[in-house]
Amino acid sequence: VAQQVFQLSSDKMTLDVAIKGQSASPTTLSCEGNVVFRELLPPGAQQQPMEISGTQLTVDQLDSTPFITLKGGKAAGIANGGPDLAQMSGRGVTMHVNTLELDTGENRMWSDGAGTATLLVTRDLEGQPSTTPFSLDLSWQGGLQFDGATMHFDRDVVAAGADDRLQCDQLRAKLNRKIVFGEAIDQRAI
């Protein structure tokens with residue numbers, strides 16, 4: 001398996017380092033303003049690269065199991081005056097939320113409050129396979145929880161595809177294969 005390569009840019013970056021004797025190790029990374037964290041795929045890769053963007057990114061516990069917080073910025077496609085949103089995209093998913101948190105030690109990601117997502121799926125809302133992948137648009141008002149295998153969306157959840165629409169108070173979606181944060185993801189296997 002090839003090593004993943006990423007590019008990080010922001011207006012301001014701060015790296016906290018712990019010094020023990022003769023060795024130094026990074027502990028916290030803070031990025032402020034126009035934050036973009038992008039996966040750089042090798043030539044010929046058949047997958048959508050991961051990319052997150054927002055106005056503030058903090059990565060704590062770099063020396064053990066990172067804890068990541070991404071706070072909003074103007075999302076692509078939102079007109080001036082729209083809400084400040086963090087954006088995460090890649091592997092067939094694009095998501096917009098106010099704040100996204102990720103605990104790699106617990107393999108858990110969550111966002112409190114409203115959000116939207118577009119997912120590239122291969123089954124309709126009744127679980128029937130589709131011959132070609134299609135977009136499913138989701139919106140929710142009460143938060144998102146994801147443990148690498150199952151996504152939970154809360155309050156006023158709407159899921160809409162080309163021919164389907166579902167509205168409910170809670171929605172749970174299970175992936176075909178568990179995602180382990182920090183490991184490479186093959187979107188064809190999910």
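Predicted model: local features only at pLDDT ≥ 70, side-chain atom pairs only at ≥ 80, totals over all residues.

By nonpolar core I mean a set of buried Ala, Val, Leu, Ile, Met, Phe, Trp, Tyr and Cys residues joined through side-chain atoms within 4.5 Å.

Entry 1, the core. I looked up the largest nonpolar core and got 30 residues. The members touching the most other members are Met95, Met109, Leu138, Trp140 and Phe153. Strand 14 (residues 150-160) gives the most to this core, namely four residues. In soluble globular proteins, nonpolar side chains tend to be buried together.

Most residues other than glycine have a negative phi, so I went looking for exceptions. I found Asn107, with a positive phi of about 50 degrees. Asn107 sits in the loop between strand 9 (99-103) and strand 10 (108-111). Buried or exposed, this Asn107? Asn107 counts as buried because its relative accessible area is 10%, and the cut-off is under 20%. Asp156 also turned up, with a positive phi near 50 degrees. Asp156 is in strand 14 and is partly exposed, at 44% relative accessible area.

I placed Arg165 in strand 15 (residues 165-174). Arg165 comes out exposed because its relative accessible area is 58%, and exposed means over 50%. Leaving out residues up to four places away in sequence, Arg165 touches Leu125, Val158, Ala159 and Ala160. I also checked Arg165 against Leu138: 27 residues apart along the chain, with C-alpha atoms separated by 9.9 Å.

Conventions:
Residues numbered from 1 in each chain as written. Heavy atoms only, no water. Buried < 20%, exposed > 50% of the residue type's maximum accessible area, 1.4 Å probe, protein only. Helix = DSSP H or I, 4+ residues; strand = E, 2+ residues; numbered from the N terminus. Contact = heavy atoms within 4.5 Å.
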